Amino acid sequence: MIKVEHDEGPEVVIAAGLRSPWVRAGGTFAKEDAGHLGSQVMRELLVRTGIEPGAFDEVVVGSVGPPHDQANIARVVALRAGIPRHVPARTVARNCASGIEAVTTAAASIKAGAGDLYMTMGLEVMSAYPLIFGEKMTNLFARLMRARSLGQRLAAIGSFRPNFLKPRVALLEGLTDPISDLLMGQTAELVARDFGITREECDAYAAESHRRAAQARDAGRFEDEILPLFPLGAKEGSTSVLHDDSIRDDQSPDKLAKLRPYFEKPDGVVTVGNACGITDGAGALVVTTAERAKALGLAPLARLKAWAWAGCEPARMGLGPVHATAQVLDATGVTLGDIGAIELNEAFAAQVLGCARAFESAEFAGGKLGRTSPLGTLDLDRTNVNGGAIALGHPVGATGARLLLTAAHELEKGDHELTLATLCIGGGQGGAVLLERIER
Amino acid sequence: MIDLSQFPSPADAPEPGACIRVERPEEGLAVVVFDAPHRSFSVLDAPLLRDLDAVLTELEADGSVKGVVFTGRRPDQFLAGADVEAISRITDPGVVRQAVIAVHGLFERIERLAPRTIAAVGGPVPGGAFELSMCCDAIVATDDSRTRIGLPETMLGIIPGWGGSHRLPWRVGLPKALDAILTGRLFPAKKAWKMGMVDRLTKAEYLERIAADLAMGRERIKRKRRGRAKWLVDRNPIARAVIRGQARKGVDAKAHGNYPAPYAALDLVMAAPGRSLSEAARAEADAVAALAIGPVCKSLVGIFFASEAAKKLAKFEDGRSPERIRRAAVVGGGIMGGGIASLMADKQVEVRLADLSRAALDAATWQHRKDIAKKRKRRRLSTGQANSAMDRLEVSVGISGVGEADIAIEAVAEVMKVKHAVLGELAGAMPADAILATNTSSLSVTEMQRGLPGPERVVGMHFFNPVKKMPLVEIVRGEETSDATITRTAALAVALGKTPVVTKDVPGFLVNRLLGPYLDEAVRLFVDGVSPVRIDRLLVAFGMPMGPFTLLDEVGFDIAAHAAGSLHEGYGVRMTPCDALGGMISPERLGKKSGKGFYDHTAKRKKGQSPPVMGDLGRFQRSTRAMLMSDRDITDRIVLAMVGEGARAFEERVVATAAEFDLATVFGTGFAPFRGGLLGYADSVGAARLLSMLERHAAMPDVVERGAAAARFEPAAVLQELAEAGETFHGRG
């Protein structure tokens, strides 16, 4: 039994949660729209919890790339979900951690006494990321707009060259760190080199992720989490998406070995097979106090025991979970061994394995964390027991919601006292949330 | 002074001068406000016309007036048009003619007023209201979703008779005027402005100011000039011939020669270019005089008033409206359930559709999104409205999340046990005052009430297929159904854009009970050798929207056979169905939905062409003896079967009044509107003649051969009473 001491202030809980299936980008959700996808999940969670929609203090949605026509996507989702107009809504962002950011923002507001009932969501439709006109084409448009005479207009049009049409890919540019100029995959390669992680290790880890995910799906482990959805733009006679659709039942290290490195040819370790997929999804969580949850007749999934955000080197952003987890453990006096199950987001197999090495490395503890001893061992058998982003996908802003939802459900399903959700964040940050079981 | 002595005046007509107020908000400006105290919405009735006459006389004499504004009591209430009720009561064509000419004279005086005249309108501006506006120098309308402008007279069997048939083509040209007058459409503000029907749009809050500015010359009137188009189109004999031909074709396709008004309107509009005002007045007066006293106009006006009266079912006796239904549950995601849920979501009701099959829910969601996308594409909805309409449809595998719903409608399989179980589950999950409605078409609502907690809130809400198109909803009162439940359900029907009719809980209610014998007689004639194409053609000519075999294909053989079976069970031998239809059923042959029925819907054909008849129908025919029956006898046989049953239903008062009865037959069975509905038709034939027709058909060998089943041609007692007393159904009320 772990000795748990509650923090000051109201006891914050995750009262209920629901998510869409995680669907490979450009696939069945290709015509989805963030406002629609998010609101369907939120609407159903409202019905299932029976909370009167006007009772919420605020709606907080985390999203990395809201559609350009729905900048405050939180407000759009809230209104479309049937939450009345008097309830305010804000969109928050912390790259890949935006979904958790929504929850911790709400929790911080509760702690500060601003309110006690929040609807939060992590939401990303990566399928809808746009192609952008390049600089030359943009300049041409600007010239055209300014042109006063026919001559000026013709001159502007005459300056056109076919290569002006080469688009900039928002997705690709979004996944590049502007400080270190590295693509996210390249930061993972750096971590792999630091810790001597091999291609074989990465592929084996990735294959295991798929195996666990398939097993969890078949065992009905996600039934309480996922709301089947009939996608926008679906053809007549097609069916709802019931499960996360990027899990490969037949994935194996041998098959993965055939793929070529994607980011560093020819010797890199990161392939599209041992990295997370580009994905669409939305997950909603009701964040409130234990007291209010009781008044609403809800049986909360988990208590929010502690959370931490930490900064680290942008070029090695993959190690963010180690930095953030260290702070959570220090603050609560819990050790890694006390935690029953850990959801550590699988951005890249190399990055997860790098975290595992860093947790037990005295050198890393001394050099980067300023500690005298290593944090402890990250037991990979208790980490991502239901598979992770490599199998399920990583809809950046939405992932945090899934990590928390899965970690919360794991308290009861795995019979644990504590679970942890942690993830690395592009730009060099880590986030960690420690969840505690609550009497239901 | 105009002479309106012959024009019927309402009983509660107010004192002279009470219907119109003239305000003088500034020097030189007169604002004429139509504000009749005896009407909730001012109408161009006798007292108001009398007052208008007086006001015009005053304005004509007042040299200080620079501008005149005609407006309503509110920016969304101008005038509701002519007093249709009064016109429909006139039986003497001379009186009609006189009344039309008199109003023409009045309107011409508006046109001749020396000051600048502006019509400041908003809300509905139908018929006479728009005709009056067109006499002003300019029309300014509110840019509001409630604004609807047009000339709907042909829908009521008359023509725009107060100048509209001429002033509109003069104003907007022939093609647009024909479109507006022949369809009778009321156009939204933007569209009306684009067409040139109004000259300027403004927000309701600015209407008064802008109208004053225009009237006083502070803002210049910009009018769309037709210029060259006028000469190239309106006065070009070749273009006119083409336009006329096209319009005529369009009218024929809809009216089949049964409705004289569109034809008269076509002639008037085509002749409008080049006519003088006095010629126009005479031509319109002659046309209205001929039409207004005719049976078609009387029938259409009767249906119109019955449908207006039906909306009163949506209010409590003390005039209060029930609280709007915001959230609903529909159980059963088939064609009917899915259609009802989709309609609700489209009409601002949040709805949760429950079914045990996810595939059924997916199909319903797909159909809903498709329908909404279509409305979006036609710009009936903005993107935001379309999104909301999509969002309002939730789905659920199994009944869940219905705790907040104000009403649940079940549309599950037509099996009493299943329906009872579903209603029981709903009763347990929903608030105690929520309505539990059944969309049954064949089962007893009273039986469903038994054993349910709160049976007074159980009601039948019978939609017709296709849900979005069919305008009628039968509200079925079970033995224990409360009045409040009936009112709340009727209010929902009205909110969904439907016309409610309350019926008793008898097998088939009203509409299916009448359609049963009608379809069965058609099938029997087919079995005896008559071609379905011939029968369909005859009944379309009679005025039905489609023939019985096209209808059978639409409904589906399985559904039709089931309905016929339950009628037989309910009414006994006179509803014995011909066994041929049952014999035709196979999984591949269920009507349109399976591709094959009496017609081959899978056959390739050009757009607009009707499907060819199936080649193998001969093998279902058993004799050729009916082949030689005359067209008249075939039509009579089929219609008489329906009239006979209708008389019985009237006798039982399945619906309260003859007017509502006819409304249901027109909106539910599509019974020829120009004949005024089934009872209207019966009345026009006369009870005595109907008796002899029934007798004649009952004596025909093929009917005699049926034995006891021929009972459907035995006349109801009420028919004999009417014949003896020389009365009519509508006379009994």
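Predicted model: local features only at pLDDT ≥ 70, side-chain atom pairs only at ≥ 80, totals over all residues.

Modeller: Strand β2 (residues 29-34) of chain B runs parallel to β3(B), and 6 bridges link the pair. One facing pair is B:Ala30 and B:Val68, the latter in β3(B).

How much of β3(B) is buried? Strand β3 covers residues 67-72 of chain B, and 6 of its 6 residues are buried. The two faces divide as follows. B:Gly67, B:Val69 and B:Thr71 point one way. B:Val68, B:Phe70 and B:Gly72 point the other way. Residues on both faces are buried.

Strand β15 (residues 458-463) holds B:His462. β15(B) is mostly covered too, with 6 of its 6 residues buried. B:Val458, B:Gly460 and B:His462 point to one side of β15(B). B:Val459, B:Met461 and B:Phe463 point to the other, and again all are buried.

With strand β14 (residues 435-438) of chain B it is parallel, over 3 bridges. B:Ala437 stands opposite B:Val459 there. With strand β16 (residues 472-477) of chain B it is antiparallel, over 4 bridges. In β16(B), B:Val476 is the bridge partner of B:Gly460.

Now B:His462 itself. Why does this residue count as buried? B:His462 has 25 C-beta neighbours inside 10 Å, and burial requires 20 or more, so the residue qualifies. Setting aside neighbours within four places in sequence, B:His462 contacts B:Asn439, B:Ser441, B:Val473, B:Glu474, B:Val476 and B:Phe509.

Next, a helix with a covered setting. Helix α27 (residues 677-685) of chain B has 7 buried residues out of 9, so the rest of the structure largely encloses it. The buried residues of α27(B) are B:Gly677, B:Leu678, B:Leu679, B:Gly680, B:Tyr681, B:Ala682 and B:Asp683. Their cover includes α13 (295-310), α20 (511-527) and α25 (631-651) of chain B. It also includes α26 (658-669), α28 (687-698) and α31 (729-732) of chain B. Just after α27(B) comes B:Gly686, with a positive phi of about 100 degrees.

Step back to chain B as a whole. Chain B has 31 helices and 17 strands. Of its 733 residues, 51% count as buried. Its C-alpha atoms fill a box of roughly 85 × 60 × 55 Å along the principal axes. The radius of gyration is 28 Å; a compact globule of 733 residues would have one near 27 Å, so the two agree. Among contacts in chain B with a separation of 6 or more, 73% join residues 24 or more positions apart.

Chain A has 15 helices and 14 strands. Its radius of gyration is 22 Å, close to the 22 Å from the globule rule for 440 residues, so chain A is as compact as a globular protein of that length. The C-alpha trace of chain A spans about 80 × 55 × 45 Å along its principal axes. In chain A, 55% of the 440 residues count as buried. For contacts between residues at least 6 apart in sequence, 81% in chain A join residues at least 24 apart.

Confidence in chain A averages a pLDDT of 93, and 98% of the residues score at least 70. Residues 1-6 of chain A fall below 50, and this stretch has 6 contacts in the model beyond near neighbours in sequence.

Last, the contact between the chains. It takes 15 residues from chain A and 11 residues from chain B. On the side of chain B that touches chain A, α15 (358-377) and α16 (383-391) of chain B each give two or more residues. α15(B) gives the most, with 5 residues. By class, this side of chain B has 5 charged, 4 polar and 2 nonpolar residues.

Terms used. Residues numbered from 1 in each chain as written. Chains lettered and ligands numbered in written order. Contact = placed C-beta atoms within 7 Å. Nonpolar A, V, L, I, M, F, W, Y, C, P; charged D, E, K, R; others polar. pLDDT = per-residue confidence, 0-100. Buried ≥ 20, exposed ≤ 12 C-beta atoms within 10 Å, placed from the backbone. Pairing = 2+ DSSP bridges. Rg over C-alpha atoms; globule rule 2.2 N^0.38 Å.
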